[in-house]
Amino acid sequence: MIEDTNGTAIADLYVPQIPDNLNIRFVENRIVVKRPAQVVYDWVTTWANLPKWLPMASGTEVLRGTAGAPAELGDELLEHIFPELNEKPKLYTVVARVPGKLWTVVGRDVLDDGTPAARMHAIATFTTFDLGDGTTLFCRLFERLVPPTEPAGPHPVEDPARIQPGLEALKAHIEGTAVQPGA
């Protein structure tokens, strides 16, 4: 459930209208952050922050760009996935960028020999919407092409209930309320 700045419920988690047996699946998660849109955008698009909030990432490695600054068009990141998800590492490349508003990355699996797959596997688009009162609606749309060998049904990266706690962590970090290790 998403709440406005007064704590009033404004929407449920996104429920996709595309059946699970198609070759593409997607999930959208949203959260309101009590910070300006540019602050949210800059924090979210900084590669070094990804493992702080994305529940699938066990670690990241910047291959092109700067870890501690918002990623630019063409920047690349290698994302390591938690082993229990049985996923190959992903190579993400920034393919669209509207500073302060929109950021899109395309992901390819990294094969066992260390080379990226020839075809994309996923698209993630982050958008920020200024709500006019110093708060921002942050949206994460994740689209994944499903291999023909995968059984029907949602994969963990498509589960909005699994991703939403990550957005809660994102919000806490940006608003400065995250519990620091050892605190």
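Modeller: We can start with the overall layout and then go into the core, the strands and the helices.

Modeller: This is a predicted model, in which local features need pLDDT of at least 70 and side-chain atom pairs count only at pLDDT 80 or more, while totals for chains, interfaces and linings use all residues. Residues are numbered from 1 along each chain as its sequence is written, and side-chain values use heavy atoms, with hydrogens and water left out.

Colleague: Fine, so how many helices and strands does the protein have?

Modeller: There are three helices and nine strands, taken as DSSP runs numbered from the N terminus (H or I with at least four residues for helices, E with at least two for strands). Reading from the N terminus, the order is β-β-β-α-α-β-β-β-β-β-β-α.

Colleague: And what percentage of the residues counts as buried?

Modeller: Of the 183 residues, 43% count as buried, where buried means under 20% relative accessible area, exposed means over 50%, and partly exposed is in between, with a 1.4 Å probe and protein chains only.

Colleague: Which residues touch the most other members of the largest nonpolar core?

Modeller: Those are Val 44, Trp 47, Trp 53, Trp 103, Phe 138 and Leu 170, in a core of 31 residues. A nonpolar core here is a set of buried Ala, Val, Leu, Ile, Met, Phe, Trp, Tyr and Cys residues joined through side-chain atoms within 4.5 Å.

Colleague: I see several aromatics there; how many aromatic pairs are there?

Modeller: The structure has five aromatic pairs, a pair being rings of Phe, Tyr or Trp (its six-membered ring) with centres within 6.5 Å, called stacked if the planes are under 30 degrees apart, edge-to-face if over 60, and tilted for the rest. Trp 53 and Phe 138 make an edge-to-face pair, because their ring centres are 6.2 Å apart and their planes stand at 90°. That pair joins distant parts of the chain, with Trp 53 in helix H2 (residues 50–53) and Phe 138 in strand E9 (residues 136–145), 85 residues apart. Both of these residues are buried, and ring pairs link Trp 47, Trp 53, Trp 103, Phe 126 and Phe 138 into a cluster.

Colleague: Which strands pair with E9?

Modeller: Strand E3 (residues 24–33) pairs with E9 in the antiparallel sense over 10 bridges, and strand E8 (residues 122–130) runs antiparallel to E9 with nine bridges; two strands count as paired if DSSP finds at least two bridges between them. Phe 126 has Arg 140 as its bridge partner in E9. E8 and E9 form a hairpin with five residues between them, and Gly 132 in the turn has a positive phi of about 85°.

Colleague: Switching to Thr 128, is that residue buried or exposed?

Modeller: Thr 128, which lies in strand E8, counts as buried because its relative accessibility is 7%. Its side chain reaches the backbone oxygen of Gly 100 at 2.5 Å, which falls under the polar contact rule: N or O atoms within 3.5 Å, one able to donate a hydrogen and the other to accept it, with residues adjacent in sequence counted only if both atoms are side-chain atoms.

Colleague: Last one, which residues of helix H1 are buried?

Modeller: In H1 (residues 37–44), the buried residues are Ala 37, Val 40, Tyr 41, Trp 43 and Val 44. They lie on the same side of H1, because they cover an arc of only 165° around the axis, judged by the directions from the helix axis to the C-beta atoms.
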